[in-house]
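Dear colleague,

A summary of the findings follows it.

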Amino acid sequence: AGRRFLRLQLSAAPGQDRFRIGLRGGPDSGPEASLVEYNLREISYEVKTSTCHELKVLARPDDPIVFHFEDEHEAQKWWTVVSCSLREVQKAAEGPYTGTGRPPLHLLDTTNSLPVSELETSLPLELARKEDLAFQLSVAIELGDQEGAVRCATALAQQQAALRILPKEPCYPASEISMKVAVEDAVCSANITIQVHLYTTIADLRQKVFQDYGFHPSVQRWIIGQCLCVDDRTVGSYGIRKDGDTAFLYLLTAKVANLSEQRYKEDKDWVVLQPAPSSLLDGSSARRPSSSPLPKTSVSHGSKKADIVERLSALQLTNLLPSHAQTPPAADVAPLSPVQAGWSCPTCTFINKPTRPGCEMCSTDRPANYVVPGSYRPDEKELWRMQQEKEGVLQYQQALEQERWQNFQQLCQLDEEALVPTQEATECRICYLDVEPGEGVLLRECLHSFCRVCLRQLINCSEEPQVACPFRDESYACSSHLQDREIRALVSREEYERFLERRLAVAESRAQNSYHCQTADCLGWCIYEDDVNDFRCPICWALNCLVCKAIHEGMNCKQYQDKLQFQAQNDAAARETSNMLKMLVQVGEAMHCPVCRIVVQKKGGCDWLRCPVCQTEICWVTKGPRWGPGGPGDTSGGCRCNMDGQRCHPNCQNCH
């Protein structure tokens, strides 16, 4: 067919389904040739491609109307008109949906991505889609349509759309609230009353004060309930609920707020041309084109009538800018407050008393460089607060000291116990089983925890005199040890006795100059010094000769060795002992005394030793007497060690 022009027409007529959309022929179709007309609530419109759109009648979804456009720009314009019309119709039908089973408007988002040729072509189309989805999301939430809300929210999340979702005004009570406002700057203060709704936002409040009193929004700092307010939240969210609830308005200087005179004039001219914020209007004024009533100032006893500019000009805001002058509505005013001494809060500008450590409104700390004036005298209220503060500090210190004492008592009680049980569920690092609270053991030296069974087996299998902590990982091995009281509490009495025996055996084997009692099955042993030749066992009380390595009470070493040689002919034990002494002499671990010829041994120390029988001093390396015939000091004989600076033997270790 030839080229055909169409035009879109939106019509409104009396009745329930008053809004309708029609497709009409162009100039070549004759005068007012109507092709088709539908109620907007009965259709859905979907974008298939950049040049193909589809309109469906909900009653006949299988018979769509498909539009093919020759130009992508024309297709975009067509989509913009249709989508905007559907949104406007829905906005006009505000209020809960009470249709006869029909769903709300269907403005579908296509699942096919449109081919984009130029950024300026696709951007408006994408923006319109996001607006449509946001509108459908609000309608679905209002109607309780959970599936529809999830579908729209998912689509918006996929597009990463930035939204601002707030409840509508019907969600709040319709009645107005008389909110008291304390207005202050660095010098003076004043009190006013403003009529607000719970849904009034802080931004609307700023604009209202700007319109009525000339205080620019950038110099306003609102504080409600000790919170520094933000523009997007409502007064109801900050705790304003009933008449008489208080808000605080602190005013900055134009210099602090970076407010220029040109910007102030431009914003003032703009706000004069704007209607009053809808959130500050009551129910009746919201339905007629009139501005909201101006805020009313409070009336105090003894106050006089005056223009409110005389009151608020004392706040030094009317002198911020040369041209800042306005005549707000008249009201009853209270007397001006005297100049208040104190420090200004760097956050909210509230003037606090000099002795107050933090801001009374927002709890900000007092500036560190502020010094309390010496002439300041606190009033009774401030003295009471300071007294309460001192008592609070004292109570805190007492509570802290009591807590420390209780902790000390618990530590003392815990130290008296043999084992420290685990307080939490843990995993044993030996068997890797879960250990319930109280079933594990926390080692005192390293604070590693294990189950009792594994620690008991570790003690019973230990061959060392000290039981090391078994904690190991890829980068660390614990070097701590179990304490004796922990070992004693983890094993039975018999197991602990065996552990002590193993510990003593290892200690004896590793100790130098150790000697074990020669009594059969005796556990006694000692560590002897070089000048000691006898050892009385503390267990069997036998007297051991450290020279002969035997017990021969009632005989000296020569008598014992002579007897041993005589008995060696018939007694196997004596023969074995005699052979041992001979072998010691042969390997150089023993020698014969050069005078009495008994076998003697050097236990340690230097190369000097004394025969236990004849008391002859002997040089160990030369195997001869240390001195000459004259005895000690006679260097005419003997080994002559250290004579002329010469040692008696290359292996001599100082034999004098």
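A salt bridge is taken here as a side-chain nitrogen of Lys or Arg within 4 Å of a carboxyl oxygen of Asp or Glu. Please note that this is a predicted model, in which local features need pLDDT of at least 70 and side-chain atom pairs count only at pLDDT 80 or more, while totals for chains, interfaces and linings use all residues. Residues are numbered from 1 along each chain as its sequence is written, and side-chain values use heavy atoms, with hydrogens and water left out.

Salt bridges

The structure holds 16 salt bridges. One of them joins the side chains of E553 and R536, at 3.7 Å from N to O. This pair links distant parts of the chain, 17 residues apart: E553 sits in the loop between β25 and α11, and R536 belongs to strand β24 (residues 534-536). Helices (H or I, at least four residues) and strands (E, at least two) are DSSP runs, numbered from the N terminus. E553 is partly exposed at 45% relative accessibility, and R536 is partly exposed at 41%. For these terms, buried means under 20% relative accessible area, exposed over 50%, and partly exposed in between (1.4 Å probe, protein chains only).

Two further salt bridges lie within helices. E389 and R385 meet at 2.8 Å, N to O; being four residues apart in helix α7, they are separated by about one helical turn. Within this pair, E389 is partly exposed at 35%, whereas R385 is buried at 16%. K265 and E261 also form a salt bridge, their closest N and O atoms being 3.5 Å apart, and they are four residues apart in helix α5 (residues 261-273). K265 is partly exposed at 39%, as is E261 at 29%.

Cysteines

How many disulfides does the structure hold? There are zero, a disulfide being a pair of cysteine sulfur atoms within 2.5 Å. The sulfur of C545 has its closest cysteine sulfur in C557, at 3.6 Å, which is too far for a bond. C596 is likewise in no disulfide, the nearest cysteine sulfur being that of C611, 3.4 Å away. C545 is buried at 4% relative accessibility, and C596 is buried at 13%.

C359 lies in the loop between β17 (351-352) and α7 (380-416) and is buried at 4%. Leaving aside neighbours within four places in sequence, C359 is in contact (heavy atoms within 4.5 Å) with W343, C345, C348, F350, N352 and T364. The C-alpha atoms of C359 and C348 are separated by 8.7 Å.

Which residues of helix α11 (residues 557-567) are buried? They are C557, Y560, Q561 and L564. These residues are on the same side of α11, because they cover an arc of only 95 degrees around the axis, the arc being that of the directions from the helix axis to the C-beta atoms. They pack against β25 (543-545), α12 (572-587) and β27 (599-600).

Finally, three strands form an open antiparallel sheet in the order β28-β29-β30; two strands pair if DSSP finds at least two bridges between them. The edge strands, each pairing on one side only, are β28 (608-610) and β30 (624-625). Three bridges join β28 to β29 (residues 617-619), and C619 in β29 is the bridge partner of W608.

With kind regards
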